[in-house]
Amino acid sequence: MTKQYDVVVIGGGHNGLVCGAYLGRNGRKVLVVEAESHLGGASKTREFSEGFKVSAGAHLLTMLNPEVRKDLRLDEHGLKMAAKDLKTIALAADGNNITIDGDSISGGDISAKDQATMKNFHKTMMRFTKLLASAFRNRPPKLVEGDWHDRINLMKLGLGMRMLGREDMRELMRVGLINVYDVLHERFDSELLKGALSLDGLLGSHMAPRSPNTVLGYLYRRLGDLWGYRGPSLPEGGMGAVGEAIASAAKSMGVDIRTNSAVVSINTDAGRATGVTLASGEVIEARIIISNADPKNTFQKLVGIRNIETDFARRVENIRMKGNVAKFHLALDSLPEFKGVSSSELGQRLVIAPDMDYVERAFNPTKYGELCTTPVMEIVIPSIHDRSLAPDGKHVLSAVVQYAPYTLKAGWENEKEHFKQIVIDLLEQYAPGIQSKVVASELLTPEDIESEFHISGGHWHHGEISFDQILMMRGAYGSTQYGTPVDGLYLCGAGAHPGGNVMGLAGRNAAKEVIKRGAAA
Ligand SMILES: Cc1cc2nc3c(=O)[nH]c(=O)nc-3n(C[C@H](O)[C@H](O)[C@H](O)COP(=O)(O)OP(=O)(O)OC[C@H]3O[C@@H](n4cnc5c(N)ncnc54)[C@H](O)[C@@H]3O)c2cc1C
C-alpha cells in the first residue's frame with residue numbers, strides 16, 4: 001500500500017533537505033523526491049576522472065547558517081571540516097600577491113593606509129550586514145496587508161536602521177545604491193586588492209564591479225563573517241558531505257527520501273496542489289507540496305503556465321537569472337606552483353582578479369553573448385587538505401570561472417573546448433607548467449550546470465541577488481512568503497528569501513512558515 005504523506009518536498013538540494021528535516025522534527029510525515037541519484041543539489045561531490053573527486057557545483061562553504069547547523073545537529077551527523085577559515089590570496093601576474101585574512105591584508109603593494117582602511121571598512125560593512133542578517137532569519141515582511149508578524153518584522157528592520165546612527169544610516173543609503181567599484185575606489189589604493197574584494201560582490205551573478213547591486217552582493221557575502229567564519233571552509237569529502245549530513249539528520253527525524261525520482265508535474269485541482277507525478281508515472285498525493293526547484297522550473301515546467309494567472313506568470317518569466325559562471329576542474333599528477341605562493345599557502349582560496357577594470361572588461365563581451373577571453377577565477381585545491389579526493393600524490397583543482405554567458409551566440413557546443421583552453425592558458429600565466437601536470441579536465445558551462453543541477457539558466461542563486469529580487473520581492477511578487485498563488489504549494493529553495501549559497505535559511509524559514517500556517521498539521 002502506498003504510504004500517505006503530509007508533505008512532498010520536490011528536490012533534495014540542501015534547502016529541500018533542511019526544510020524536510022524541520023518539518024519531520026515537527027511531526028509531519030515528509031517525503032523528499034530528488035531527480036538525481038545524489039543528494040545536496042548543487043552542493044555535490046562526484047568523480048570526474050578515475051580516482052579524482054571534486055565539489056562539482058559549490059566548492060567552498062562560506063555561510064552555512066549556525067542555527068541550522070546546530071538545530072539539525074549536523075556535526076553529529078558526520079559534517080566535519082577538512083580546512084577552515086581559508087585566507088584569500090589575490091594573485092598578481094608577477095607573483096607580488098596580496099593576502100586577505102578577514103580584516104587583515106598583507107603583501108604586494110599594500111600600504112599602511114590601505115591596511116588601516118581595511119579594518120574600518122570591514123567594521124562598517126559588518127554593521128550593515130548585521131542589519132541584513134536580522135531580516136534573513138524570518139519570512140520577509142509584507143509591506144501592505146501584512147499581519148502582526150510582518151509589522152513586528154518591519155519595525156525591527158526600521159529600528160535596526162535607526163540603531164545604526166545617523167552617519168551609518170546615511171552611508172548605507174549612499175553605498176547601497178551605487179556600486180562596489182565606486183565604494184572600493186574611493187577608499188583603497190591597491191588595484192590588486194580592489195580587484196579581489198570586488199569579486200565578493202559579484203561572484204555567481206550577471207554583474208561586474210560597476211553594476212548596481214554589487215554592494216548588496218558584498219554585504220551578502222559577509223554573512224559568513226557575521227556567523228563566525230573568518231574565511232571559507234572545505235568540508236571533509238567535498239561539498240557533498242553537507243547534503244549527506246542534512247539527509248542523515250532528516251532521516252533521523254522520520255523523513256523518507258527517494259532519489260532518481262524526477263517530478264514531471266505538480267498536480268492541481270481548482271487552484272490547489274494535490275500531489276506530484278514522477279517521471280515513472282507514479283502519482284504521490286499530499287496536502288502540501290514544497291518545491292526546492294527554482295521558481296521558473298517550479299511554475300513554468302512543473303505547475304505549467306496554463307495553471308497560473310497571467311500576471312504572476314509574467315512576473316516569474318521576468319525573474320532575472322542569467323547564469324554567467326562556468327565550473328572548471330583539473331586532475332593533476334602533482335601540485336602546481338603558483339607564482340609567489342609558498343607550498344604552505346597553496347591550500348588557500350586563490351583569486352585571479354588583477355584589478356576592477358579587468359573584471360569589468362571581462363564581463364563586457366558576455367553581455368552580448370560573446371566569449372570572455374580574460375576570465376576571472378576563484379581557485380581552490382581541496383585535495384591538499386582532504387586526501388580522499390585524489391589518488392596518492394595527485395591533486396584536484398576546482399575553479400569558479402566568472403563570465404561564461406548562459407546564452408553564447410556561437411553556441412557552447414562549438415566554443416566549449418576553445419573556452420577550456422582560454423582558462424588553461426590563463427592559469428598557465430599564474431602557475432607556469434600547470435598544463436604539463438594535467439591528467440584530466442572538465443568544464444561545466446552554464447548549460448551543463450542547468451542540465452546537471454536542474455537550475456534554470458544555470459544561475460548560482462536561482463535568481464539574482466539584487467534590490468528588486470530580495471526580501472519581499474524574492475521569488476516573484478505573490479510567492480514571497482514561501483506560499484504561492486497555488487494553494488498548498490510552497491517554495492523552499494535559493495530562489496526564495498533569503499537567497500542562494502549553501503546557507504540553509506530558505507529551507508528552514510519555509511518549514512517554519514508551513515508550520516506557522518498550520519498547513520499539513
Ligand atoms: C558553479 C556553481 C558554484 C557555486 N559555488 C558556491 C560556493 O562555492 N559556495 C556556496 O555557498 N554556494 C555556491 N554556489 C551556490 C549554491 O550551490 C546554491 O545556491 C545552492 O546549491 C542552492 O541550494 P538549493 O538547495 O536551494 O538548490 P539546489 O542545490 O539547486 O537543489 C535543488 C534540487 O532540486 C532538484 N530538482 C530540481 N527539479 C526537480 C524535479 N523536477 N524533480 C525532483 N528534483 C528536482 C535538483 O536536482 C536539486 O537536487 C554555486 C553554484 C554554482 C552553480
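Me: What volume does the largest cavity have?
Reply: This is a predicted model, where local features need pLDDT of at least 70, side-chain atom pairs count only at pLDDT 80 or more, and totals for chains, interfaces and linings use all residues. Residues are numbered from 1 along each chain as its sequence is written, and side-chain values use heavy atoms, with hydrogens and water left out. On a 1 Å grid over the protein atoms alone, a cavity is a set of points where a 1.4 Å probe fits but cannot get out; points are joined across faces, edges and corners, and the volume is the space filled by probe spheres set on them. For the largest cavity that comes to about 250 Å³.

Me: Which residues are closest to the centre of the largest cavity?
Reply: Lining residues have an atom within 4 Å of a point, and the largest cavity has 22 of them. Closest to the centre are Thr88, Asp200, Arg222, Arg230 and Gly231.

Me: Which residues lie nearest the centre of the second largest cavity?
Reply: About 150 Å³ of space lies in this one, and its lining divides into six nonpolar, six polar and three charged residues. Of the 15 lining residues, those nearest the centre are Asp200, Leu203, Gly217, Tyr220 and His461.

Me: How many charged residues line the second largest pocket?
Reply: A pocket is an open set of points with protein on both sides within 12 Å along at least five of seven lines, and this one holds about 440 Å³. Closest to its centre are Leu131, Met161, Leu172, Phe467 and Leu471. The lining has 15 nonpolar residues and one polar, and the count of charged ones is no residues at all.

Me: Why do helix 3 and helix 8 count as roughly perpendicular?
Reply: Axes are lines fitted to C-alpha atoms over the stretch in contact, with angles from 0 to 180 degrees between N-to-C directions. An angle of 65 to 115 degrees counts as roughly perpendicular. Helix 3 (residues 112–136) and helix 8 (residues 214–221) have axes 8 Å apart, and they're roughly perpendicular because their angle is about 85 degrees.

Me: Which residues of helix 8 does helix 3 meet?
Reply: Contact means heavy atoms within 4.5 Å. From helix 3 come Phe121, Met125, Phe128, Thr129, Leu132 and Phe136. On the helix 8 side they meet Leu216, Tyr218, Leu219 and Tyr220.

Me: Which strands stand at the edges of the open five-stranded sheet?
Reply: Two strands pair if DSSP finds at least two bridges between them, and the order here is 10-2-1-14-20, with parallel pairing. Each edge strand has a single partner, so one side of each is left without a neighbour in the sheet. Those edges are strand 10 (256–258) and strand 20 (489–491).

Me: Which residue takes a positive phi in the hairpin of strand 3 and strand 4?
Reply: Strand 3 (residues 45–49) and strand 4 (residues 52–55) run antiparallel, joined by four bridges. Glu47 has Lys53 as its bridge partner. Two residues sit between the strands, and the one with a positive phi, near 85 degrees, is Gly51.

Definitions and conventions
Parallel < 35°, antiparallel > 145°, perpendicular 65-115°, else oblique. Nonpolar A, V, L, I, M, F, W, Y, C, P; charged D, E, K, R; others polar.
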